[in-house]
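Group the points by topic and keep the wording plain.

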Amino acid sequence: MTPQNYSLKCKDDEDTFKILIATDIHLGYLEKDAIRGNDTFVTFDEIMKQAVQNEVDFVLLGGDLFHDNKPSRKTMHCCMEVMRKYCMGDRPIVFEILSDQAVNFSHSKFPWVNYLDSNLNISIPVFSVHGNHDDPTGADGLCAIDLLSCAGLINHFGRSRSVEKLEISPVLLKKGNTRIALYGIGSIPDERLYRMFINNQVTMLRPREDEDGWFNLFVIHQNRSKHGATNYIPEQFLDDFLDLVVWGHEHECKIAPVRNEQQLFYVTQPGSSVITSLSPGEAVKKHIGLLRVKGKKMNLQKIPLQTVRQFFIQDVTLSEHPDLFSPEQPNVMLKVMAFCQEKVEEMLEEAERQRLGNSLTPEKPLIRLRVDYSGGFEAFNTMRFSQKFVDQVANPKEILHFIRHREAKDNIKEEDMDFEAILSRPTSEVLQLRVEDLVKEYFQKAEKNVQLSLLTEQGMGKAVQEFVDKEEKDAIEELIKYQLEKTQRFLRERRVEATEEKIDEEIRQFRDSKRNTAEEDEEVQEAIIRAKAHRDRSDSVRDDDLNLSDEPADIAVESDEESTSAPAIRGRGCGSRGSSRRGRGRGRGIYINHKHSQTCIKLFRLYTTRGIYNTFYSCYLLTFLLSLEMQWPFRVVQIIYYSNTGVLFGVFSLTEFSHHKRESADVCTMWVRD
């Protein structure tokens, strides 16, 4: 596309496509918050209302329509209510689809676009790819968008079931003399998609007739900014025949199309329509886009969103104001508090000025003041400070964020995982933590003897992510079992000499051979399928399980204190399933020393008292505590042991615990069987 083709200045006519573009709506974000609970629903209503007012041909969504993989009934109801309100009616559809819809929507039981369904009356079609928040999961590979697709409210495209190669077939649209080839990729783990591009396993199919006569529009939902060596998708990976790329997943609004001078296409990044993190990128004014396409020319009109809650963020460094205070001054903390209060009040005044005349903007803004107190200053009580602004801001508990830049030290050999730093973060930031990133960070900082010897870090991270984000409660255990089975077969086929050194070396080579390969992804997928099947089987035998004894016959607990009896070790722990807070967690376990178990219980009580009580911290963080306290490597979740009769494999894992905020929890220990 040449630069002059970007500017389209003409009246709407029978040859002009009008497309409303939005990404990352995150319906249901903080829906239980008393102040911000309805923000996503109100803004979604505004977006769809803009589609009707501008008489668009269709709406194009770039992923993450929902914030949670399993949206609540309220979220689904509000979404369906808005879409039925604005997308159904007698207004005629004036464009046609030329491609094979059975290929474009092959995953659906209704493989055709919704406005061609004789049972539906659609006035504005909606096309969407899925994002990383609402991606397909489970053995059936379904997601929340599939529910809307089955209801006839949305056209879900860009699905891929293969983990090795990707073939993208476009949805071919025609209006008058204008033809659009609409390509899409739903969210795929960045490392996997990066590897596919590197191995030339991504193919974008072209129309058979008149390839150069189509406007090629591509929707992608991946990391655009670099988060690691392979944890993003470079723009240079995309084909150069594209005309416009709509990039989802990144929340900062950069909706004005930017030309890639190497590939010669334009990239627009609409950003999110709701503020999900108190970071500078979210403070940029939120927009959606009205795209006009005629022939090979286009024009993108920015439409500011009026219902988005205002967000102001400011950074201050205390050491840069020696004229106001210094660490040696008496009552310096009071002076710092007064200084911070003044900065917050300035942001509130600016918010009030910008809100004048706009009744749609929520009354209470989001305020964040990041205070760098390096140089000898001390942090003060943020809760007491925030009480002054309870009635003025939407996030009173998260106004202040103290940061300190650590001084560089020359003789640092190892840097451990700082759990206190994690726990001290605001709730909103804790919710934004990516489990796989924490796993990767731990092993980057850990000593060599604390590394995984059987599982790969990436595979383990993905399994834990499935456990936490998508409630696949048996994903970790099934991944370990599956990997043990494969390793056993591998060792038998190799006829390895039954010495510990030889076995360790073979296992290490077997593990390294799978790093960053499709086999690694397949193992996680197989574990998810097994976890799903295991859950279904457990439901059918639940009544029989109630008659089983809780006391295993082959359990022994060692104790360093003869006068103290060891606590009973239970083979079944408390868990969660459905609406009930009690269930069953199965797992092999450990001959755990009584003294150590009591210490771990105390440590775990410390963390539950701090209020960290969700699934991730109740299971995954406790694994770290066990490792640190008992000086075990992190292989506490996949230990291999040996005996004189040959190679025997055992697994350490953790069952689930039933506990509530600010209440202590018991550690459910388990056992290893030969």
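The model is predicted. The protein has 674 residues, and 52% of them are buried. Its secondary structure comes to 17 helices and 20 strands.

**Overall make-up**

- Among contacts with a separation of 6 or more, 73% are between residues 24 or more positions apart.
- The protein exposes about 33,000 Å² of surface, and carbon and sulfur atoms supply 46% of that area.

- The protein has 14 salt bridges by the rule used here.
- One of them joins the side chains of Asp 315 and Arg 370, with 2.6 Å from N to O.
- Asp 315 lies in strand β16 (residues 311–317) and Arg 370 lies in strand β17 (residues 366–372), so this pair ties together parts that are 55 residues apart in sequence.
- Asp 315 has a relative accessibility of 48%, so this residue counts as partly exposed.
- Arg 370 is also partly exposed, with a relative accessible area of 22%.

- Arg 353 and Glu 350 meet through their side chains in a salt bridge of 2.5 Å, N to O.
- Arg 353 and Glu 350 are three residues apart in helix α6, so about one helical turn separates them.
- Glu 350 counts as partly exposed because its relative accessibility is 27%.
- Arg 355 forms a salt bridge with Glu 352, and the closest N and O atoms of this pair are 2.3 Å apart.
- Arg 355 and Glu 352 also both lie in helix α6, three residues apart, which is about one turn of the helix.
- Is Arg 355 buried or exposed? Arg 355 counts as buried, because its relative accessibility is 13% and the cut-off for buried is under 20%.

**A negative surface patch**

- Which residues form the negative surface patch? The patch is formed by Glu 342, Glu 345, Glu 346 and Glu 349.
- Glu 345 is placed in helix α6, which covers residues 332–355.
- With a relative accessibility of 34%, Glu 345 counts as partly exposed.

**A nonpolar surface patch**

- Phe 110, Trp 112 and Leu 116 make a nonpolar surface patch of about 290 Å².
- Phe 110 lies in the loop between α3 (101–104) and β4 (126–128).
- Phe 110 counts as partly exposed because its relative accessibility is 38%.

- Where does Leu 120 lie? Leu 120 lies in the loop between α3 and β4.
- Leu 120 counts as partly exposed, at 23% relative accessibility.
- Leaving out residues up to four places away in sequence, Leu 120 touches Asn 114, Ala 151 and Gly 152.
- Leu 120 and Gly 89 are 31 residues apart along the chain, and their C-alpha atoms are separated by 9.3 Å.

Methods
Residues are numbered from 1 along each chain as its sequence is written. This is a predicted model: local features need pLDDT of at least 70, side-chain atom pairs count only at pLDDT 80 or more; totals for chains, interfaces and linings use all residues. Side-chain values use heavy atoms; hydrogens and water are left out. Patches are made of residues with over 30% relative accessible area and no salt bridge: like charges are joined within 9 Å, nonpolar side chains (Val, Leu, Ile, Met, Phe, Trp, Tyr) within 5 Å. Accessible areas come from the Shrake-Rupley method with a 1.4 Å probe; for residues, only the protein chains shown count as cover. A salt bridge is a side-chain nitrogen of Lys or Arg within 4 Å of a carboxyl oxygen of Asp or Glu. Lys and Arg count as positive and Asp and Glu as negative; His and the chain ends are not counted. The place of a charge is taken as NZ of Lys, CZ of Arg, CG of Asp or CD of Glu. Helices (H or I, at least four residues) and strands (E, at least two) are DSSP runs, numbered from the N terminus. Buried means under 20% relative accessible area, exposed over 50%, partly exposed in between (1.4 Å probe, protein chains only). Contact means heavy atoms within 4.5 Å.
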